[in-house]
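Here's a quick briefing to read with the structure open beside you. Take it one topic at a time.

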Amino acid sequence: MRLLLLFLLLLAHLNAEEIKNLLKAYELASDFSNKTKQESAGNLIIYTRDDLERMQANTLKDLFKSLRFYHYIENRSGHPDILNQDPVMYSSMPVRIYLNDTELISATFGSGTIWFGDMELDFIDHAEIYQGFPSFDIGIEPAAVVIRLYSKSVEHDRGGRIRLAGTRKKGNAENAYYTESAGDFSYFLYAGRYDDLREQHPLEDQELSRDKKKQSIFASVKTENHRMELFGLSKESDEFLGWATVGAPEKAEGETDYYSASYHGTFLERALALNLSYAWASSRFEHRYAEPWLLFLLTTYKSMEQINDEATLTANLKYHWKSDTNSLITGLQFRRKSLELEKFTLDGIDRTPEAFFDDSLFFDRQDIYSLYLQEEYTPDENQMLTFSLMQQHYAINNDAYEKFSPLQLRAGYIYTADQWYAKTFLAHQEFPPELYMMMQSYLGNPELREMSSDAVTQEFAYDWERTSARLLLAFARNKDFPFLVGGTLQNSGDTVKSNSQSLELTFRMRGTDKIELQAFRVDQSSPKTGNAVLYHGGMVRMLNSIGDFDFFNEVVLRSGYPTDSMTYDYSAGLRYHATDDFSIDVKGENLFNKGLEWEYYYEDDYDMPHQLFIPTVDRRIWVGLEYLF
Amino acid sequence: LKKLLLLVIAGIHLAASDIELATKIYKTIAVALTSRTTPVFYIHGDIRELRDNRQIRRTDRCREADIVIISTLNGLPAECLEKPVFASRYRIFRQHEEIVGAFFWQKGRPNIIFSAERLQQRNIRLGSEFESYIE
């Protein structure tokens, strides 16, 4: 980036387009990702405003599908589940999503990825993805992947935008935002709707559908040191195969309403930061099958209906001391998750805890207390040592059930030279089970232990004038890995190991044009069998502009996900800037329909197991219009 | 700490770069509007890029300035209007006919705009490099 800026600055001295080049260099240097990214916080991937716009990244799915070591995957209910391991269980608890300083969270599932893994990005300025356990000012719940999304703001987007987009029979999206300021005060308002109509897949005499209809809002008001935000999502979805494995459902529908309010304030010349947030969600689903399935207690059922209300209150206070060689952060966080199982029926029979006097079916409160400390020591201009420690206490229903006191540790060493850097991180994390993993109403196990994870990552990066290279090596060892056995979650007795390597190259060409190459390999042992599972992946992405046209080309390769055959998802986009205020865009996703297909399992009427392979990204061509005012 | 700051303390180096570039743009505009090689600035209102900026020559008195840069019209001394006045916000440029141009963010990108009529009223002729920014 720095070299690119210097190049653009150099151009500014040399040719007649001085002002234009200067403005472009200023635009790039002003990208908010330069101010929010924290290289010392972990192994970081940045999508700048320019990247997101030229990639036409309309949803988070567009970023997940090319993410090194991972892919975009949905579970059998059609919910985003990036770490999907099991045909039934939700697995993406360690993937955490933040909108500015507020986590988009599910009290039940821990991570909000289940609701927000495919959220729209139209009001997002830039995104940062931290792989591995990041530092505590990025997020304090233990995590394997942290996605930080930063909303647009008045500083760069004064005025408004309307966007309309659609595909032939397969969805449409409309959204608008407006932002303005008066003195020190500014506001940002966004509203959008998205009909995500997917390809249907025949099974038995039914059509499996993953359609979603979503409406979302975001509002932010801020002054220099204080910011308040509101975020809302209302979603109706067809839930594909549903939870049971007995073939096509006669009915599988769900609804989710999510609203959050948050406050972020800084005091004492920004040394003291306070974050308060309250998120409320209500989710409902109804799954009904022609064939009965065995759920638990050796009883079979044909239908399940649930309405679950939940709330998460989070208060985080942190203080930052700085000196020439030290940066010390200490913080406290309290989080309360509250659940209310409004309705839970099997074949229409009430199965709420009240009906069965069995509290282990459902917990209604979890309190998490966290105390953390993080030190960054810079002995000289080339080196940094970082150390983080967090002690937590998880209490369920006032310690009436299993309680956990996980210890999170992280240490790192960074060496920087003129053209290269090396980053080494060691992390020990303990993942207490999320509430749904312990509740019998979700196939959970109240006796489940916390999973511990030890990881080491080594990253090398080298910058030439027009090329940069990055090598990432990661090793992780997980003990007590949770997985489903016979309808109940159990801790694996084996140590689950993963060994990952990634090589990335970026070639910068004329102006801001660039080609990105990525190749990675993951060697992981299966929690069920202990056998090694090998994944390969790669990506080629080209972003370039000619005159008023922006071009985007991307090929995402995957092998071993979940079969050994190589898949490739080719996507391409074109945007024409008709005027400064009006643009037209076309984007094709998975154009050859050869992208990754995920494996789903079901049993037929004779209890014979079958597999279904369904594309994770549909083949679609979007046409969009954007008007700025 | 210079090298490490680039990597570690988020964006400090590049944040400096964006201020340097913004300063260079303001200076280029000021030179074009005043025909002086090192024009003296009078800053009215809070303009983040020019706040405590030592790369420009500045004065606290309008009458000593070659150019006036404003982010608000509130409290602007009347004598400032005798100088070329340039805004950091588009809306202010639209509101007041004495303002010859603006450098502002809108739609996710920085923009420059000049009013041909207002430049003409002040007998200011800009170089050809600004031609596409004059309306």
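**A covered strand in chain B**

In this predicted model, strand β3 of chain B (residues 67–70) is covered on both faces. Ile67(B) and Ile69(B) are buried on one side, while Val68(B) and Ile70(B) are buried on the other. In a regular strand, side chains alternate between the two faces of the sheet.

**Neighbours of β3(B)**

- Strand β1 of chain B (residues 40–44) runs parallel to β3(B), and four bridges join the two.
- On that pairing, look for His44(B), which sits opposite Ile70(B).
- β3(B) also pairs with strand β4 of chain B (residues 85–87), again in the parallel sense, over three bridges.
- Here Ile70(B) has Ala87(B) standing opposite in β4(B).

**Antiparallel strands in chain A**

- Strand β23 (residues 451–463) and strand β24 (residues 467–479) of chain A run antiparallel, with 12 bridges joining them.
- They make a hairpin, with three residues between the two strands.
- Across this pair, Asp454(A) stands opposite Arg477(A) of β24(A).
- β24(A) is also joined by 12 bridges to strand β27 of chain A (residues 496–508), and these two run antiparallel.
- Ser468(A) has Thr506(A) in β27(A) as its bridge partner.

**A negative patch on chain A**

- Which residues gather in a patch of negative charge on the surface? They are Glu204(A), Asp205(A), Glu291(A), Asp605(A) and Asp607(A).
- Glu291(A) belongs to strand β15 of chain A (residues 272–294).
- Glu291(A) counts as partly exposed because its relative accessibility is 31%, and partly exposed covers the range between under 20% (buried) and over 50% (exposed).

Technical notes: Residues are numbered from 1 along each chain as its sequence is written. Chains are lettered from A and ligands numbered from 1 in the order in which they are written. This is a predicted model: local features need pLDDT of at least 70, side-chain atom pairs count only at pLDDT 80 or more; totals for chains, interfaces and linings use all residues. Side-chain values use heavy atoms; hydrogens and water are left out. Two strands pair if DSSP finds at least two bridges between them. Patches are made of residues with over 30% relative accessible area and no salt bridge: like charges are joined within 9 Å, nonpolar side chains (Val, Leu, Ile, Met, Phe, Trp, Tyr) within 5 Å. Accessible areas come from the Shrake-Rupley method with a 1.4 Å probe; for residues, only the protein chains shown count as cover. A salt bridge is a side-chain nitrogen of Lys or Arg within 4 Å of a carboxyl oxygen of Asp or Glu. Lys and Arg count as positive and Asp and Glu as negative; His and the chain ends are not counted. The place of a charge is taken as NZ of Lys, CZ of Arg, CG of Asp or CD of Glu. Buried means under 20% relative accessible area, exposed over 50%, partly exposed in between (1.4 Å probe, protein chains only).
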